[in-house]
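Morning, everyone. I'll walk through it piece by piece.

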Amino acid sequence: MLWFMDPPQLLLPLIYTPTFLSTSPLLPLKDTALEFSWPISRIKAAFPESVLSCTPTSCSVEVAKIIAALVEELDIPEAKIGIASGVSAFLWLYSSIQGFKPATVVVNSELPLGSGLGSSAAFCVALASALLAYTDSVSLDLSHQGWLSFTEKDLELVNKWAFEGEKIIHGKPSGIDNTVSSYGNIISFKSGNITRTKSTLTLKMLITNTKVGRNTKALVAGVGERMLRHPEIMAFVFSAVDSISKELTSILKSPTPDELSLTEKEEKIEELMEMNQGLLQSMGVSHATIETVLRTTLKYKLASKLTGAGGGGCVLTLLPTLLSGTIVDKVIAELESCGFQCFIAGIGGGGVEVNFAKSS
Ligand SMILES: Nc1ncnc2c1ncn2[C@@H]1O[C@H](COP(=O)(O)OP(=O)(O)O)[C@@H](O)[C@H]1O
Ligand SMILES: C[C@@](O)(CCOP(=O)(O)O)CC(=O)O
Ligand SMILES: [Mg+2]
């Protein structure tokens with residue numbers, strides 16, 4: 001939370017196929033083994049004609065009700081009900097960007113859903129870019145084979161649409177997650193202002209998924225309530241988080257000429273992570289399983305902090321460059337023996353790209 005690092009570079013391939021044969025837009029969500037379709041006639045009857053928009057627009061209360069009714073009809077199994085907000089975001093982005101054209105959209109994701117790794121933002125950014133790619137609003141060469149980046153202007157449009165999708169999933173997002181997914185690398189983000197940062201060092205993180213499900217919307221609302229109860233204290237907490245972010249930016253940006261300065265920097269980052277975790281705990285977004293991960297990694301002198309909205313989900317542990325592989329194996333084995341799932345990710349990959357590959 002408010003820790004401006006890239007989500008791990010896992011892939012969210014999204015295949016968008018405009019089709020003139022089908023009469024229904026289809027949405028197979030491969031990783032969740034769910035598939036939905038809507039007859040175009042149903043979509044046309046439900047949405048106002050004015051839904052199609054060239055500029056990013058917020059979903060109105062009336063349209064939100066229409067979408068809720070369409071999603072209700074799908075009878076999503078209780079165990080997968082979390083997907084309902086993603087499907088709602090899809091319906092809003094699809095009808096706003098593509099109108100009533102039939103198409104098939106296939107979603108595959110390697111990110112665990114609802115675990116603090118920003119899957120909602122990755123989903124919205126992938127959707128917005130695939131849908132926009134087939135409009136005149138962006139300038140992409142549709143005959144190009146292979147991966148393509150957006151221009152700065154187009155990227156801004158993708159990010160703004162994705163933010164509208166995040167709003168549906170999340171309630172009141174800051175916009176940090178969709179911004180990082182759109183632009184990639186490391187970003188400082190304060191009140192919607194983005195500063196891109198070029199890091200002089202490559203950080204490696206161990207990601208531990210506690211597998212405790214949580215809901216970003218509810219957690220963020222909980223922090224808001226705590227702010228109302230204790231405005232003065234919480235203002236200090238947020239100010240401290242801001243100072244941590246600033247110090248991290250300056251560490252990342254300053255030159256790293258040798259191994260010694262690299263180690264010194266990693267030690268400083270570990271301390272910042274510990275302090276950030278303490279502040280997040282005081283906001284009420286830690287969890288017993290997160291504390292177990294912290295204790296376990298600390299046994300190996302490794303610093304950790306929760307990521308995303310907290311309340312369960314994933315924990316990040318810095319893996320210093322000179323840390324031996326044996327230690328990494330040991331800590332992973334111990335965390336996995338607690339029932340957690342571990343994987344390793346580099347920080348600061350690229351942003352969104354599109355590929356007009358022919359589907360086989
Ligand atoms: N691949 C996907 N397909 C459909 N919906 C998705 C996908 N990825 C994310 N979502 C939506 O985002 C929600 C998770 O978002 P959130 O609670 O913010 O957690 P996080 O962003 O940390 O994964 C899911 O419950 C679902 O509604
Ligand atoms: C907690 C927050 O910083 C990010 C939420 O991330 P996630 O959906 O838990 O991955 C909220 C926000 O910035 O809108
Ligand atoms: Mg999210």
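Let's start just after helix α6, where G184 takes a positive phi of about 75°. Helices here are DSSP runs of H or I with at least four residues, strands are E runs of at least two, and both are numbered from the N terminus.

Quick housekeeping. This is a predicted model, where local features need pLDDT of at least 70, side-chain atom pairs count only at pLDDT 80 or more, and totals for chains, interfaces and linings use all residues. Residues are numbered from 1 along each chain as its sequence is written, while chains are lettered from A and ligands numbered from 1 in the order in which they are written.

Now, how confident is the predictor? pLDDT is its confidence in each residue, from 0 to 100. The chain has a mean pLDDT of 90, and 92% of its residues reach 70 or more. A contact means two C-beta atoms, placed from the backbone, within 7 Å. Where pLDDT is low, the predicted coordinates should not be read in detail. For the complex, the predictor gives an ipTM of 0.98 and a pTM of 0.90.

Back to α6, which covers residues 176–183. Is this helix covered or open? Mostly covered: 8 of its 8 residues are buried. Buried means 20 or more other C-beta atoms within 10 Å of a residue's own; exposed means 12 or fewer; partly exposed is in between; C-beta atoms are placed from the backbone. The buried residues of α6 include I176, D177 and Y183. What covers them includes helices α4 and α5, plus strands β6 (186–190) and β7 (193–197).

Next, the domains. The assignment gives domain 1 (14–194 + 349–355) and domain 2 (200–346). Those bounds come from an automatic or database domain assignment. Taken over C-alpha atoms, the two centres are 29 Å apart. At the contact, 13 residues of domain 1 meet 19 residues of domain 2. The domain 1 side of that contact divides into 3 nonpolar, 9 polar and 1 charged. Nonpolar here is Ala, Val, Leu, Ile, Met, Phe, Trp, Tyr, Cys and Pro; charged is Asp, Glu, Lys and Arg; the others, Gly among them, are polar.

On to the ligands. Where does ligand 1 lie? Domain 1 and domain 2 both give residues to its shell, so ligand 1 lies between them. There are 22 residues around ligand 1, and G82, G86, S119, S120 and T216 come nearest. A residue counts as near if its C-beta atom, placed from the backbone, lies within 6 Å of the molecule or strand. Helices α3 (83–98), α4 (119–133) and α5 (152–170) each give two or more residues to this shell. By class, the shell has 7 nonpolar, 14 polar and 1 charged residues.

Ligand 2 is surrounded by 14 residues, and the closest are P173, S174, T216, G308 and A309. Our helix α6 returns here: α6 and α7 give two or more residues to the ligand 2 shell. The classes are 7 nonpolar, 6 polar and 1 charged. This shell draws at least three residues from each of the two domains.

Now the core. In soluble globular proteins, nonpolar side chains tend to be buried together. A nonpolar core is a set of buried Ala, Val, Leu, Ile, Met, Phe, Trp, Tyr and Cys residues joined through C-beta atoms within 7 Å. The largest one has 81 residues, and L93, V125, L127, A128 and V158 touch the most other members. Which helix gives the largest share? That is α4, with 12 residues. Leaving aside neighbours within four places in sequence, L93 is in contact with L127, A128, L131, W161 and G165.

D75 has one of about 50°, although it is not a glycine. D75 lies in the loop between α2 (61–72) and α3. D75 counts as exposed because it has 7 C-beta neighbours inside 10 Å. K211, also not a glycine, has phi near 65°. K211 sits in the loop between β8 (204–209) and α7 (216–229). With 14 other C-beta atoms within 10 Å, K211 is partly exposed.

Terms used:
pLDDT is the predictor's confidence in each residue, from 0 to 100.
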